[in-house]
Amino acid sequence: MNIIRFIKDWTLPIAMGLGTLIYLVFGFTPQLNEAAMFFSPIMTTILPLFMFLILFVTFCKVDFRQLRPVAWHLWIGIFQVLFIGILMVLILDLEQEDRILLEAIMMCVISPCATAAAVVTQKLGGSLEQMTTYTFLSNFITVLLVPVCFPLIEPSANMEFWPAFLKILNEVFCVLVVPMILAYFVKHYMKSLHRRIVAVRDLSYYLWACSLMIVTGTTVKNIVHAEAGIFLLMAIALLGLVVCIIQFAVGRYIGRFFGHAQESGQALGQKNTAFAIWLSNAYLNPLSSVGPGCYILWQNIINSIEIWQKRKE
């Protein structure tokens, strides 16, 4: 029982540790090279499926009549935009070759609220509906900001507003809107299946842990193969920790004024790092993807501590 309780309390660090270990075993064992090449595309295909299932299961528990903006959504969104504005001023004041560090940090800020934030919020006893609503709002903020900011940072990206806007919006639609429509249909028209899904305790949480294991392995791979010095990687990791703490702390501070510190802390602090890594590789210097890669570690350590404290209470 103690082992089971330990696994439940520290599911996220265990998932990250397994992801790291599995990559290191397959990545540095020559005899497993063929197996690594075989499983790599499979993992790339499975990850979006996991994210789809996580949101589908989560949305099955949502009261769709309660999906509406609330006051703390506005202030969290304002802080995110202001934070990005400050980082943009600092980035544009630097030479092109000196921007990588701040680009990596900006990706930890401009990234939308994680799709799994609602899962953690529910685990902590917060409002699932408020978090689901802000997840949509946060993604829309990112869709608007990225086509404006990225051409200024990387002129070589040749990004025009409307094509980039529509491309990112399509990604958001596939990740967020499709599972919500499917969940709504199942909840209202396939009630027997719906009851079976919601009856499985913490299903979305453990699906998320599986996806986190895959994302962590991919992140470790990117860091190991990053063409950068150890000091730059350490600086990105440490600044990522600072930004993570700031965003969780500011989110909780804002939320206290509205009686929703838990929700607003998760909304501002937990980021869709997989989406941020894709944006970095698609439009910026690939090294900037190390920022959200390290952010995965920090945000899930904070989440694990919060979940452990909740279980202890």
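A residue is called buried when its relative accessible area is under 20%, exposed when over 50%, and partly exposed in between (1.4 Å probe, protein chains only). Phe-56 is buried because its relative accessible area is 10%. The model is predicted, so local features need pLDDT of at least 70 and side-chain atom pairs count only at pLDDT 80 or more, while totals for chains, interfaces and linings use all residues. Residues are numbered from 1 along each chain as its sequence is written, and side-chain values use heavy atoms, with hydrogens and water left out.

Phe-56 sits in helix H3 (residues 33-59); helices are DSSP runs of H or I, at least four residues, numbered from the N terminus. Beyond its neighbours within four places in sequence, Phe-56 is in contact (heavy atoms within 4.5 Å) with Pro-179, Leu-182, Ala-183, Val-186 and Ile-197.

Helix H8 (residues 161-189) is the next stop on this tour. Pro-179, Ala-183 and Val-186 are among the buried residues of H8, and the elements covering its buried residues include H3, H7, helix H9 (191-199) and helix H13 (273-283). H8 bends by about 40 degrees at Phe-173, the bend being the angle between axes fitted to the seven residues ending there and the seven starting there.

Terms used. Helices (H or I, at least four residues) and strands (E, at least two) are DSSP runs, numbered from the N terminus.
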